[in-house]
Amino acid sequence: MISLLISSEVKIASYNVENLFDDVYNGSEYDEYIPSQHNYNTHMYNIKLQHTAEVICDIDADIIALQEIENQNVLKNLLSTLKKAGCAYKYSAITTKRNAPIQVALLSRKLIRHQNELIVSPSSKVRNILEVVVDIDGYPLHIFVNHWKSRGYRGFESKRFKYAKTLK
């Protein structure tokens with residue numbers, strides 16, 4: 001009996017897109033990203049969307065975790081911008097925490113078998129963790145997209161323990 005081990009290379013990356021907010025007022029935005037205030041408008045959103053897409057295209061990962069996406073609408077616009085730029089992603093997942101200013105997401109050129117949100121806290125200020133199972137040559141790859149509060153910016157170590165405990 002002959003046994004063959006076949007493997008493929010998969011490039012995985014993570015990218016904090018730094019407050020990719022759209023031009024629609026939802027009430028949960030950070031103050032500096034409220035449309036038509038602080039010079040944030042449709043034009044600025046489109047520039048930010050284009051620049052984010054350029055970086056993602058340059059990274060050219062098969063799977064990329066994203067932090068600080070405002071919502072599903074922004075992810076949809078990003079996917080469209082990526083497709084126009086010639087570096088499309090067929091599969092995507094995003095958290096959907098209500099009233100939260102930002103979400104985490106994942107783009108994949110590999111089939112997403114399953115996605116789940118791990119709830120760290122019911123507070124809209126505490127981000128959920130996105131669990132995604134991606135198919136790699138018939139085998140499951142479990143990916144957890146996190147965006148914990150930083151220790152230095154209004155973060156307390158006790159809050160980070162909640163993220164760690166949930167992830168564990």
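Are C57 and C87 buried or exposed? C57 is buried, and C87 is buried as well; the points below place this pair within the predicted model.

1. Basis of the note. The model is predicted, so that local features need pLDDT of at least 70 and side-chain atom pairs count only at pLDDT 80 or more, while totals for chains, interfaces and linings use all residues. Residues are numbered from 1 along each chain as its sequence is written, and side-chain values use heavy atoms, with hydrogens and water left out.

2. Overall architecture. The protein chain contains three helices and seven strands. Helices (H or I, at least four residues) and strands (E, at least two) are DSSP runs, numbered from the N terminus. Their order from the N terminus is β-α-β-α-β-β-β-β-β-α. The C-alpha trace spans about 70 × 40 × 25 Å along its principal axes.

3. Of the 168 residues in the protein chain, 42% are buried. Buried means under 20% relative accessible area, exposed over 50%, and partly exposed in between (1.4 Å probe, protein chains only). Among contacts (heavy atoms within 4.5 Å) with a separation of 6 or more, 58% join residues 24 or more positions apart.

4. Largest nonpolar core. A nonpolar core is a set of buried Ala, Val, Leu, Ile, Met, Phe, Trp, Tyr and Cys residues joined through side-chain atoms within 4.5 Å. The largest such core has 26 residues, of which I56, I64, L66, I69, L78 and L82 touch the most other members. Two or more residues each come from β1 (12-20), α1 (42-59), β2 (63-69), α2 (72-84) and β4 (103-108). Helix α1 contributes the most, with five residues. In soluble globular proteins, nonpolar side chains tend to be buried together.

5. I56 and the second core. Leaving aside residues up to four places away in sequence, I56 touches Y15, I64, L66, L78, L82, Y89 and L107. A second, separate core comprises 12 residues, including A65, L130, V134 and I136.

6. The disulfide. A search of the whole structure finds one disulfide, defined as a pair of cysteine sulfur atoms within 2.5 Å. The bond is formed by C57 and C87, with their sulfur atoms 1.7 Å apart. The pair links distant parts of the chain, 30 residues apart: C57 lies in helix α1 and C87 in the loop between α2 and β3 (91-94). A disulfide is a covalent bond between the sulfur atoms of two cysteines.

7. Surroundings of C87. How accessible is C87? C87 has a relative accessible area of 8% and is therefore buried. Not counting residues up to four places away in sequence, C87 touches C57, L82 and R109. C87 and Y15 are 72 residues apart in sequence and 16 Å apart in space, C-alpha to C-alpha.

8. Backbone at N19 and E68. Which phi values do these residues take: N19 and E68? For N19, phi is near 60 degrees, a positive value in a residue other than glycine; for E68, phi is near 75 degrees, likewise positive in a residue other than glycine. Most residues other than glycine have a negative phi, and most peptide bonds are trans. N19 belongs to strand β1 and is buried, at a relative accessible area of 14%. E68 belongs to strand β2 and counts as buried because its relative accessibility is 11%.

9. T81 is found in helix α2 and is buried, with a relative accessible area of 13%. T81 touches L49, Q50 and A53, not counting residues up to four places away in sequence. Q50, in helix α1, is partly exposed because its relative accessible area is 34%. Q50 and N77 lie 10.0 Å apart in space, C-alpha to C-alpha, and 27 residues apart in sequence.

10. Second largest pocket. On a 1 Å grid over the protein atoms alone, a pocket is an open set of points where a 1.4 Å probe fits, with protein on both sides within 12 Å along at least five of seven lines; lining residues have an atom within 4 Å of a point. The second largest pocket holds about 160 Å³ of space, a volume being the space filled by probe spheres set on the points, which are joined across faces, edges and corners. The residues lining this pocket include N26, S28, E70, N71, T95, K97 and Q103.
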